[in-house]
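Subject: The structure, and what turned up in it

Hi,

Here is the structure I promised to pass on. Please open it alongside this email, and my notes follow below.

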Amino acid sequence: MKKSKEVELVKPLLEELSFREELLSDEKTMAYNEAFGGIIIFPKMKWEAWYRKWIGDNSNKYYYRYIKDVESNKFIGEVAYHLEEESERYLCDIIILAKYRHQGYGTEALKLLIDEAKNNGIKVLYDEVLNDNPSINLFLKIGFEIVEEKERYSVVKINL
């Protein structure tokens, strides 16, 4: 039987955003985002404003954490949720570095994110997953359901 990976969600320090810069600029990791331009440039000059918005005092609207492998003590990805103002829905996000995918990290991290959202009073989480992105199976495996199918993506949701 495959042993679950032990992960923890860690609030990064401002200077640790170099990991996010690395994550978003990794071509294999961001291949799922090819339809929207692939990699995302996240230069140091944008870190402080981004940090204030996502990690500062906006706990009701934004939540962001690194995923850390407990055994190796390394960051291996990120999870987040935020309130999408137009739809008044909380959208979640998860990105795992390509070299750590298919090892159980995503499952464990998404479960922790769901627990955090529930503890913060969130009742429902959504995500929009491109139809050709295999990560949709991750969401379905832990209890999300497809509630809408569009031409390019599906909307998944879980009641907390």
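Let me begin with the largest pocket, whose lining takes at least two residues from each of α1, α2 (47-55), β3, β4, α3, β5 and α4 (136-141). Helices (H or I, at least four residues) and strands (E, at least two) are DSSP runs, numbered from the N terminus. Before going on, please note that this is a predicted model: local features need pLDDT of at least 70, side-chain atom pairs count only at pLDDT 80 or more, and totals for chains, interfaces and linings use all residues. Residues are numbered from 1 along each chain as its sequence is written, and side-chain values use heavy atoms, with hydrogens and water left out.

**The largest pocket**

The space in the largest pocket comes to about 1500 Å³. Its lining has 49 residues, and those closest to the centre are Tyr32, Ile94, Ile95, Asn133 and Ser135. Strand β4 gives the largest share of the lining, 6 residues. By type, the lining holds 24 nonpolar, 11 polar and 14 charged residues. Here Ala, Val, Leu, Ile, Met, Phe, Trp, Tyr, Cys and Pro count as nonpolar, Asp, Glu, Lys and Arg as charged, and the others, Gly among them, as polar.

As for the method, a pocket is an open set of points on a 1 Å grid over the protein atoms alone, where a 1.4 Å probe fits, with protein on both sides within 12 Å along at least five of seven lines; lining residues have an atom within 4 Å of a point. Grid points are joined across faces, edges and corners, and the volume is the space filled by probe spheres set on the points.

**Salt bridges**

Side chains of opposite charge can pair when their charged atoms come close. A salt bridge here is a side-chain nitrogen of Lys or Arg within 4 Å of a carboxyl oxygen of Asp or Glu, and the count comes to 7. Three of them are worth a look on screen.

One of them joins the side chains of Glu8 and Lys68, at 3.6 Å from N to O. Glu8 lies in strand β1 (residues 7-10) and Lys68 in strand β2, so the pair ties together parts 60 residues apart in sequence. For accessibility, buried means under 20% relative accessible area, exposed over 50%, and partly exposed in between (1.4 Å probe, protein chains only). Glu8 is partly exposed at 35%, whereas Lys68 is buried at 16%.

Another salt bridge, at 3.0 Å from N to O, is formed by the side chains of Glu78 and Arg20. This pair links distant parts of the chain, with Glu78 in strand β3 and Arg20 in helix α1 (residues 17-25), 58 residues apart. Glu78 is buried, with a relative accessible area of 5%, and Arg20 is buried at 12%.

Arg89 and Glu128 also meet through their side chains, at 3.3 Å from N to O. Here the link runs between strand β4, which holds Arg89, and strand β5 (residues 124-130), which holds Glu128, 39 residues apart. Arg89 counts as buried at 18%, while Glu128 is partly exposed at 33%.

Leaving out residues up to four places away in sequence, Arg65 touches Leu9, Val10, Lys11, Pro12, Glu78 and Val79, where contact means heavy atoms within 4.5 Å.

**Leu23**

Leu23 belongs to helix α1 and is buried at 0% relative accessibility. Beyond its neighbours within four places in sequence, the contacts of Leu23 are Thr29, Met30, Gly77, Glu78, Ile95, Ile96 and Leu97. Leu23 and Ala98 are 75 residues apart in sequence, and their C-alpha atoms are 9.1 Å apart in space.

**Two positive phi values**

Glu88 is not a glycine, but its phi is positive, near 55°. Glu88 falls in the loop between β3 (74-84) and β4 (89-96) and is exposed at 67%. His102, also not a glycine, has a positive phi of about 65°. His102 is in the loop between β4 and α3 (105-119) and is exposed at 73%.
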